[in-house]
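Please look at the structure first.

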Amino acid sequence: MQPYTSLNRRKGLLLAFVCLLPMALWAQTARPPRDSAGNQNRERPGFADSILQKIEKVQQTLTRINNVTEDGFNTTEIEQDLPDIQSNIQIIKENLSVYSSVLNIKNLLTFQVLMGDMQQRLDGWRTSLFKYNRQLVTMQMEMRGFAKDEVMQQLRKDSLLQKLYLDEMADIKKNWKLARRSAKANQTRIAQLQANVSKSYFVLIELQDDVRDRIRQSGMQSFSKEYNYLWEVADSNKTSVEVMALARKSYAGQRKMLGYYFRAHKDNWLWLILIALVYFGWVFNAFRKIRHAGQQQVITEAAFKYIKPIPVLAALVVALSMAPFFDLRPPSAYVEMMQFFLLLTLTILFLRRWPKRLFYCWVAIVIFYLLYSFTNAIITPRLSTRIALLVLNITSVLFGWLFLPRIREELPMKKFIRIVSFIYIGLNLLAAFCNLFGRISMAKVFGTASIYSLIQIIGLAVFIQMITEAFYVQMLSSRVTADTKSLLNYERIQGKLSKLLSIGVVICWLIIFTTNLNLYDFLLQGILHLLNEPHRIGSTRFTFASMVMLVFILYVANVLQKYIGYFFGETEDGFSGEITRRGPRLVMIRLCVIVCGFLLAIAATGLPIDKITIVLGALGVGIGLGLQDIVNNLISGIILIFERPLQLGDYVEISDKKGRVKDIGIRASRLLTTDGAEVVVPNGQLLSGQLTNWTLTNDHIRIELPVTISPTEKLPAAQEAIQQTIQAHAQVMHKMPVDILFTHVNDKECGLRVLCWISNIANEHKVKSELLLQVYQALKAAGVEVG
């Protein structure tokens with residue numbers, strides 16, 4: 001029995017071990033895991049739940065890392081454009097070595113602008129690459145954290161758990177390897193890009209310091225003697241072949257850098273194309289509306305000079321004239337390129353629109369432009385070159401004195417063009433003087449600045465005329481489509497529009513002129529410093545720039561709300577014979593323009609909200625003390641917009657005034673009486689007083705004709721003659737009966753009161769006069785004696 005008992009005991013122990021093993025495992029999984037600090041994790045009641053949670057978290061993290069690294073970081077622009085920037089840096093190095101003895105200020109300024117642009121891009125790339133590298137380091141730290149996690153370590157050690165989560169562990173292992181490999185590859189690539197970008201960045205910083213030093217030297221040397229006096233025999237030590245090779249190398253490098261600038265600022269080209277398309281569509285659509293209305297004679301009578309029904313050239317001139325506004329620090333080569341395109345477009349435009357003599361003058365300007373552009377390629381001028389440059393300056397002076405007055409008479413802004421003409425002559429005289437005394441750099445700068453400024457002002461003057469002609473054709477289109485027969489006082493809006501455009505033209509011309517004189521950066525920095533320097537009044541801070549923007553926005557908003565009515569058929573003529581009613585759309589647009597302009601102006605000042613609240617509080621006190629009437633009129637104007645008791649073109653009667661509603665303003669409205677007087681009526685009076693609107697629902701009005709005849713037996717014939725005469729008139733409404741009433745009857749005369757309806761109240765007096773004459777003639781023809 002002993003063996004049996006011993007065997008049974010061993011079997012019992014083995015059975016107990018097998019039965020208790022799952023319970024022990026369950027107890028172990030039921031114990032909360034510990035974190036890296038040894039504390040128990042009580043986020044889940046069981047270890048199995050913690051394992052599932054951890055596996056899910058690891059899978060999500062690895063999937064996110066793989067998605068990010070598989071798509072790659074956004075370094076395409078850096079990888080594509082960095083070699084181009086490195087090549088440009090090398091070109092600048094070579095050009096600086098070329099100009100080690102001869103300093104070309106225009107090229108140096110071009111290098112400075114381009115290097116500033118490249119520095120900005122490299123700085124942005126460095127920031128992006130640092131962010132990408134930090135993201136990669138964070139990803140690797142997350143993966144290392146999972147590797148050291150207690151739950152994941154126990155999963156790797158415990159074979160039973162590994163069998164239980166076999167598929168999950170296989171996915172984690174696969175994604176882990178993929179994430180580690182891709183993160184490492186991306187980090188290597190990002191590190192290499194960081195090294196290349198930083199290297200180029202620091203080289204660029206050194207080059208910028210070098211260029212700044214050269215510009216300072218050039219500023220001092222430009223006023224000193226660079227070469228011998230012209231009357232001294234001195235020629236260049238370099239041969240013609242060497243000089244041409246040097247010039248070609250410099251030109252090739254500048255052309256490549258200019259191509260880089262165009263590519264880096266391709267959004268400017270998109271804006272220019274958009275402006276050209278908008279202008280083209282605007283003018284083309286206006287001409288199309290006039291043609292569809294069958295009013296070709298309107299276009300002929302207008303005699304547009306520069307715009308045509310298909311305004312391709314006009315659109316190009318408008319876009320190219322606005323090019324300087326899209327880059328306030330353009331390189332000089334870019335300015336010259338845009339002026340060359342403008343020159344070609346203007347030449348084609350003037351070929352058929354200018355008289356032959358004036359066009360020949362323009363051809364002479366084109367030739368001067370080409371010759372002066374060639375002088376920029378001169379690095380070491382020879383004696384023959386200096387003599388040719390002197391002859392060019394003297395010829396330009398004679399041309400400006402003799403022929404520019406003829407061109408000036410053909411263009412708007414005659415006074416400003418006259419000033420530019422004198423500047424053109426003066427700069428050429430200065431260029432000739434500098435050439436005589438060996439200041440070649442200054443001579444080239446003055447000569448090129450003179451011709452470029454002349455071409456630019458001619459182009460901008462044509463630009464003003466194109467814009468005003470476009471407004472004109474738009475107004476004609478609005479009136480034709482609205483079937484308005486009134487005359488258009490175009491001169492009034494043309495004067496205001498020309499003044500507004502002239503401000504922009506002068507600013508644009510100054511940008512080009514100072515850029516060509518190499519003064520733009522200096523002046524711009526001084527102006528920006530003056531405008532952006534903060535000032536204090538008490539606790540309020542402000543800048544002159546915010547004040548300028550405040551005045552400018554308010555001025556533009558006022559001009560727009562004042563003249564925007566011309567686009568909706570508004571005229572400046574006298575009392576027309578037709579009633580044309582227009583809804584409150586124009587008044588609402590004016591209100592929106594004023595409100596938006598006021599809000600933009602307040603935002604431009606940069607005042608904090610609490611300061612604006614104080615101003616509004618003070619305004620409320622002012623309203624309570626003395627501005628009640630003004631506010632009442634403003635609120636009444638808004639009520640008129642929505643309540644619509646009258647519309648533009650309505651024939652109304654207010655107190656003893658009767659006329660057509662010409663304008664509904666924000667504060668007051670205007671009536672045009674039949675006598676031609678304009679009556680300004682406050683909006684509050686329109687709402688509070690008695691208003692008679694003769695055309696609220698229709699334009700009909702009943703008129704009264706007094707007729708006196710002798711009492712005879714022909715009274716029925718007289719009534720019949722009156723009835724037939726009135727109904728035969730075109731303005732009388734035939735659907736409404738004609739009433740003939742007796743006012744008095746005696747032995748000497750019979751007084752008749754003839755009542756009839758006419759279709760247009762604006763023709764009341766005219767129709768009444770015509771009917772009285774026709775009734776008199778009809779009664780005489782019927783043998784009735786009229787008293």
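The questions and answers below set computed values against their definitions.

This is a predicted model, in which local features need pLDDT of at least 70 and side-chain atom pairs count only at pLDDT 80 or more, while totals for chains, interfaces and linings use all residues. Residues are numbered from 1 along each chain as its sequence is written, and side-chain values use heavy atoms, with hydrogens and water left out.

Q: Why is the pair of arginine 189 and glutamate 79 called a salt bridge?
A: The closest N and O atoms of arginine 189 and glutamate 79 are 3.1 Å apart, and a salt bridge requires a side-chain nitrogen of Lys or Arg within 4 Å of a carboxyl oxygen of Asp or Glu, so the pair qualifies.

Q: Is arginine 189 buried, partly exposed or exposed, and how do you know?
A: Its relative accessible area is 26%, and since buried means under 20%, exposed over 50% and partly exposed in between (1.4 Å probe, protein chains only), arginine 189 is partly exposed.

Q: Why does lysine 305 count as it does, and what does its side chain meet?
A: At 22% relative accessibility, lysine 305 counts as partly exposed, and its side chain meets that of glutamate 410 in a salt bridge at 1.9 Å, N to O.
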